[in-house]
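Work through the following exercises with the sequence and the coordinates open. Each task is followed by a stepwise solution.

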Amino acid sequence: MRIDKIVNAAVTALEDIKGRDIVVLDVKRMTSLFDKVIIASADSTRQTKALANNVQEKLKALGARVYGVEGEQVGEWILVDLGGVVVHIMQPAIRQYYNLEELWTPPARTVRRRATRAAAA
């Protein structure tokens with residue numbers, strides 16, 4: 001299954017159960033393990049579990065493989081591994097603390113300019 005189809009289905013599954021602040025990050029230049037990271041917030045342990053279950057069910061129905069799920073017991077942060085896409089469902093305090101958006105966003109490029117004679121004059 002194509003990555004963009006998995007991403008769209010996962011985002012739709014998150015929106016179905018009122019996942020908030022959904023962010024999709026392209027990380028294929030930062031790691032060879034996966035191409036996309038999806039991060040969503042949930043208001044409670046019950047909602048994180050419902051979101052994770054809905055993502056799994058919707059993707060399995062489309063024929064995608066769910067490689068693993070971590071964090072279901074506690075429910076503050078659940079990770080759903082879809083191969084080329086990893087979905088993080090987090091409660092707001094946990095999301096703020098770990099700040100995955102900053103971790104997976106590439107640093108801004110700085111442009112070095114060579115000094116010219118005109119600048120030196």
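**Exercise 1: the sheet**

Six bridges join E2 to E5, and these two strands run parallel. The model is predicted, so local features need pLDDT of at least 70 and side-chain atom pairs count only at pLDDT 80 or more, while totals for chains, interfaces and linings use all residues. Residues are numbered from 1 along each chain as its sequence is written, and side-chain values use heavy atoms, with hydrogens and water left out.

Task: Give the order of the strands in the sheet and state which strands stand at its edges.

Solution. 
- Step 1. Helices (H or I, at least four residues) and strands (E, at least two) are DSSP runs, numbered from the N terminus. Two strands pair if DSSP finds at least two bridges between them.
- Step 2. The five strands form an open sheet with mixed pairing, in the order E1-E2-E5-E4-E3.
- Step 3. E1 and E3 each have a single partner strand, so one side of each is left without a neighbour in the sheet; these are the edges.
- Step 4. On average, neighbouring strands of this sheet are turned by 15 degrees against each other, direction ignored.

As background, strands of a sheet pair through backbone hydrogen bonds, either parallel or antiparallel.

**Exercise 2: helices on the sheet**

Task: Describe how H1 and H2 are placed against the strands.

Solution. 
- Step 1. Contact means heavy atoms within 4.5 Å. Axes are lines fitted to C-alpha atoms, for helices over the stretch in contact, and angles run from 0 to 180 degrees between N-to-C directions.
- Step 2. H1 packs on the sheet and touches E1, E2 and E5, with its direction at about 5 degrees to that of E2.
- Step 3. H2 lies across E2, E3, E4 (77-81) and E5, and runs at about 5 degrees to E4.
- Step 4. H1 (residues 3-16) has 14 residues and reaches 20 Å from its first C-alpha to its last, close to the expected 20 Å; the expected span is 1.5 Å times one less than the number of residues.

**Exercise 3: buried positions**

Task: Which residues of H1 are buried, and what covers them?

Solution. 
- Step 1. Buried means under 20% relative accessible area, exposed over 50%, and partly exposed in between (1.4 Å probe, protein chains only).
- Step 2. The buried residues in H1 are Ile6, Val7, Ala9, Ala10, Val11, Ala13 and Leu14.
- Step 3. Their cover includes E1 (20-26), E2 (36-41), H2 (45-61) and E5 (85-90).
- Step 4. Asn54 lies in H2 and is buried, with a relative accessible area of 11%. Leaving aside neighbours within four places in sequence, Asn54 is in contact with Ala13, Asp16 and Ile17.
- Step 5. Ala64, in the loop between H2 and E3 (68-70), is buried at a relative accessible area of 12%. Ala64 and Ile6 are 58 residues apart in sequence, yet 7.5 Å apart in space, C-alpha to C-alpha.
- Step 6. For the chain, buried residues make up 37% of the 121 residues.

**Exercise 4: positive phi**

Task: Where do Lys18 and Asn99 lie, and how exposed is each of them?

Solution. 
- Step 1. Most residues other than glycine have a negative phi.
- Step 2. Lys18 has a positive phi near 65 degrees. Lys18 lies in the loop between H1 and E1 and counts as exposed at 64% relative accessibility.
- Step 3. Asn99 has a positive phi near 45 degrees. Asn99 is placed in the loop between H3 (92-98) and H4 (100-104) and counts as partly exposed at 29% relative accessibility.

**Exercise 5: aromatic rings**

Task: How many aromatic pairs does the whole structure hold, and which residues do ring pairs link into a cluster?

Solution. 
- Step 1. Rings of Phe, Tyr and Trp (its six-membered ring) pair if their centres lie within 6.5 Å; planes under 30 degrees apart count as stacked, over 60 as edge-to-face and the rest as tilted.
- Step 2. The search finds three aromatic pairs.
- Step 3. One of these pairs, Tyr97 and Tyr98, is edge-to-face, at 4.9 Å centre to centre and 85 degrees between the planes.
- Step 4. Ring pairs link Trp77, Tyr97 and Tyr98 into a cluster.
- Step 5. Tyr97 is exposed, with a relative accessible area of 64%, and Tyr98 is partly exposed at 42%.
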